[in-house]
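Please examine the structure shown below.

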Amino acid sequence: MRTLIPTLVLFMLVSHGYSQVERDKALHFLGGNLFGLAGAGIAKQMSEGSRVWTFVGSVAGSALVGVAKEAVDAGQRENGWDNDDLAATVLGGVTVGVTIDLFSKKSDKKRLRGNYASAPKRKLSFPSRKKNSEALVLQTMPLSLNSLTLFPAMEE
């Protein structure tokens with residue numbers, strides 16, 4: 001309940017705020033989101049998961065598409081170059097970049113988890129076996145997927 005009321009109030013404020021934005025700017029923002037996501041994906045693959053380059057790729061992807069769209073608009077007689085449209089497109093890319101950065105899994109050292117960068121391979125050393133050691137032999141049946149079923153009647 002503590003989060004429901006603020007969420008509803010936020011949705012009401014956003015719905016009234018959307019009517020203040022032109023439809024064209026909202027479409028530019030959406031286009032910036034989509035191409036920023038594509039740019040972030042490409043940059044993440046090329047930089048092996050670097051957070052900074054992922055963000056730069058997101059902004060660069062949206063800026064590249066925004067400049068291209070405004071260049072096409074500038075060549076048309078009824079349209080022209082509009083810096084507000086370009087700003088809305090780049091803002092869409094910035095939003096995607098920040099969102100990816102917020103939701104990326106990070107360790108305590110603020111680095112991404114997983115095998116994103118090549119790490120040197122470590123050799124595992126096992127303690128040597130003693131010649132006179134005893135072996136432990138299990139007398140029971142090992143577990144299998146059939147023994148873990150929820151319905152024992154289905155085994156038959």
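Q: At what angle do helix H2 and H4 pack, and is H2 oblique or roughly antiparallel to H4?
A: In this predicted model, helix H2 (residues 23–46) packs against H4 with axes 7 Å apart and at an angle of about 45°. Angles under 35 degrees count as roughly parallel, and 65 to 115 as roughly perpendicular.

Q: Which residues of H2 meet H4, and how do the residues of the contact divide?
A: From H2, the residues Asp24, Lys25, His28, Phe29, Gly32, Asn33, Gly36, Leu37 and Ala40 take part. Among their partners in H4 are Asp85, Ala88, Leu91, Gly92 and Val96. The residues of this contact of H2 with H4 divide into seven nonpolar, eight polar and four charged.

Q: At what angle do H2 and H3 pack, and what is the hand of their crossing?
A: Two packed helices are described by the angle between their axes and the distance between the axes. For H2 and H3, the axes lie 6 Å apart and the angle is about 135°. That makes H2 oblique to H3. The crossing of H2 past H3 is right-handed.

Q: Which residues make the contact of H2 with H3, and how do they divide?
A: H2 contributes His28, Gly32, Phe35, Gly36, Gly39, Ala40, Ala43 and Lys44. H3 contributes residues including Trp53, Thr54, Gly57, Ser58 and Gly61. The residues of the contact of H2 with H3 divide into five nonpolar, nine polar and three charged.

Q: How do the residues of the contact of H3 with H4 divide?
A: In H3, the residues that meet H4 include Arg51, Phe55, Val59, Ala63 and Val67. In H4, Leu86, Val90, Val94, Ile100 and Asp101 are among the residues that meet H3. The residues of this contact divide into 10 nonpolar, seven polar and four charged.

Q: What is the volume of the largest cavity?
A: Rolling a probe the size of a water molecule over the atoms shows where empty space is left. The structure holds one cavity of 30 Å³ or more. The volume of the largest cavity is about 60 Å³.

Q: Which residues lie nearest the centre of the largest cavity?
A: Helix H3 (51–74) and helix H4 (83–103) each supply at least two residues of the lining. The lining residues divide into three nonpolar, four polar and three charged. Of the 10 residues that line the largest cavity, those nearest its centre are Arg51, Thr54, Ile100, Asp101 and Ser104.

Notes: Residues numbered from 1 in each chain as written. Predicted model: local features only at pLDDT ≥ 70, side-chain atom pairs only at ≥ 80, totals over all residues. Heavy atoms only, no water. 1 Å grid on protein atoms, 1.4 Å probe; cavity = no way out; pocket = protein on both sides within 12 Å on 5 of 7 lines; lining within 4 Å. Points joined across faces, edges and corners; volume = space filled by probe spheres on them. Helix = DSSP H or I, 4+ residues; strand = E, 2+ residues; numbered from the N terminus. Nonpolar A, V, L, I, M, F, W, Y, C, P; charged D, E, K, R; others polar. Contact = heavy atoms within 4.5 Å. Axes fitted to C-alpha atoms, helices over the stretch in contact; angles between N-to-C directions. Parallel < 35°, antiparallel > 145°, perpendicular 65-115°, else oblique. Left-handed = near helix turned anticlockwise from the far one by under 90°.
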